[in-house]
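This report is meant for a reader who is meeting the structure for the first time. Please look through the sequence and the model before reading on.

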Amino acid sequence: MLQRIQTIYLLIAAGVSAGLIYVFELWVASDDIKLFAYDNIYLLATFLASAFLSIISIFRYKNRKSQFMLGRLNIILNFFLLGFFVYQSLNISGETAVSEKGIGMFLPIVSIVFLALANKAIKKDEDLVKSVDRLR
């Protein structure tokens, strides 16, 4: 059952969390130094944990409740990342020499959208299985 639509959504979320952090910078410091997620070990670990949860969720296709729970946990993890970036951007904008925010700060939002779509598809599958079980 790996051919379901939620597998594609989860793969995209994993790709955003694991791959695009090396492409897009989080912010540019005042002295034109680009800061990426891999420059901070905690941000790198959180992004990679999000990607790992997405990959684990793909292979839990036989247990849809567990898959749904892992998706929700991953959404919470991405909200934590997003909250950290909002906090960081408020601190960065208070500097004397204003730095630029990068597009990498929006990667958790993209991941949250795809995880929510995957959870919606998982829920739809679960409801379909329950309706078929009622007919037996």
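## A pair within helix α4

Lys123 and Asp127 lie four residues apart in helix α4, which means that about one helical turn separates them. An α-helix has 3.6 residues a turn, so residues three or four places apart point the same way. In this predicted model, Lys123 forms a salt bridge with Asp127, and their closest N and O atoms are 3.6 Å apart. Lys123 is partly exposed, with a relative accessible area of 42%, and Asp127 also counts as partly exposed, at 35% relative accessibility.

The structure holds three salt bridges. One of them joins the side chains of Arg4 and Asp125, with 3.1 Å from N to O; this pair links distant parts of the chain, since Arg4 belongs to the segment before α1 while Asp125 sits in helix α4, 121 residues apart. Arg4 counts as buried because its relative accessibility is 9%, and buried means under 20%.

Another salt bridge brings together the side chains of Arg64 and Glu126, at 2.8 Å from N to O. This pair, too, links distant parts of the chain, with Arg64 in helix α3 and Glu126 in helix α4, 62 residues apart. Glu126 is buried, its relative accessible area being 15%.

Helix α1 covers residues 5-18, and its 14 residues reach 20 Å from the first C-alpha to the last, which is close to the 20 Å expected at 1.5 Å a residue. The buried residues of α1 are Gln6, Thr7, Leu10, Ala13, Ala14, Val16 and Ser17.

Helix α3 runs over residues 64-92 and contains Gly83, which counts as partly exposed at 39% relative accessibility. Although Gly83 and Phe59 are 24 residues apart along the chain, their C-alpha atoms are separated by 29 Å.

## A sheet of three strands

Three strands make up an open sheet in the order β2-β1-β3, and their pairing is antiparallel. The strands β2 (34-35) and β3 (100-101) stand at the edges, where each has a single partner strand, so one side of each is left without a neighbour in the sheet. Strand β1, residues 27-28, is joined to β2 by two bridges, and these two strands run antiparallel. Within this pairing, Trp27 has Leu35 of β2 as its bridge partner.

## Aromatic pairs and a nonpolar patch

The count of aromatic pairs comes to five. Among them is the pair of Tyr22 and Tyr38, which is stacked, with 5.4 Å centre to centre and 20° between the planes. This pair links distant parts of the chain, as Tyr22 lies in the loop between α1 and β1 and Tyr38 in the loop between β2 and α2 (41-58), 16 residues apart. Ring pairs also link Tyr22, Phe36 and Tyr38 into a cluster. Tyr22 counts as partly exposed at 42% relative accessibility, and so does Tyr38 at 37%.

Which residues form the nonpolar patch on the surface? The patch consists of Tyr22, Val23, Phe24, Tyr38, Leu48, Ile103, Phe106, Ile109, Val113 and Leu117, and together they have about 870 Å² of accessible area. Helix α4, residues 107-135, gives the most to this patch, with three residues. Leu117, which belongs to the patch, is found in helix α4 and counts as partly exposed at 33% relative accessibility.

Methods. Residues numbered from 1 in each chain as written. Predicted model: local features only at pLDDT ≥ 70, side-chain atom pairs only at ≥ 80, totals over all residues. Heavy atoms only, no water. Buried < 20%, exposed > 50% of the residue type's maximum accessible area, 1.4 Å probe, protein only. Expected span 1.5 Å × (residues − 1). Pairing = 2+ DSSP bridges. Phe/Tyr/Trp six-rings, centres within 6.5 Å; stacked < 30°, edge-to-face > 60°. Patch = residues over 30% accessible without salt bridge, like charges linked within 9 Å, V, L, I, M, F, W, Y side chains within 5 Å. Areas by Shrake-Rupley, 256 points an atom, 1.4 Å probe, with all protein chains shown as cover. Salt bridge = Lys/Arg side-chain N within 4 Å of Asp/Glu carboxyl O.
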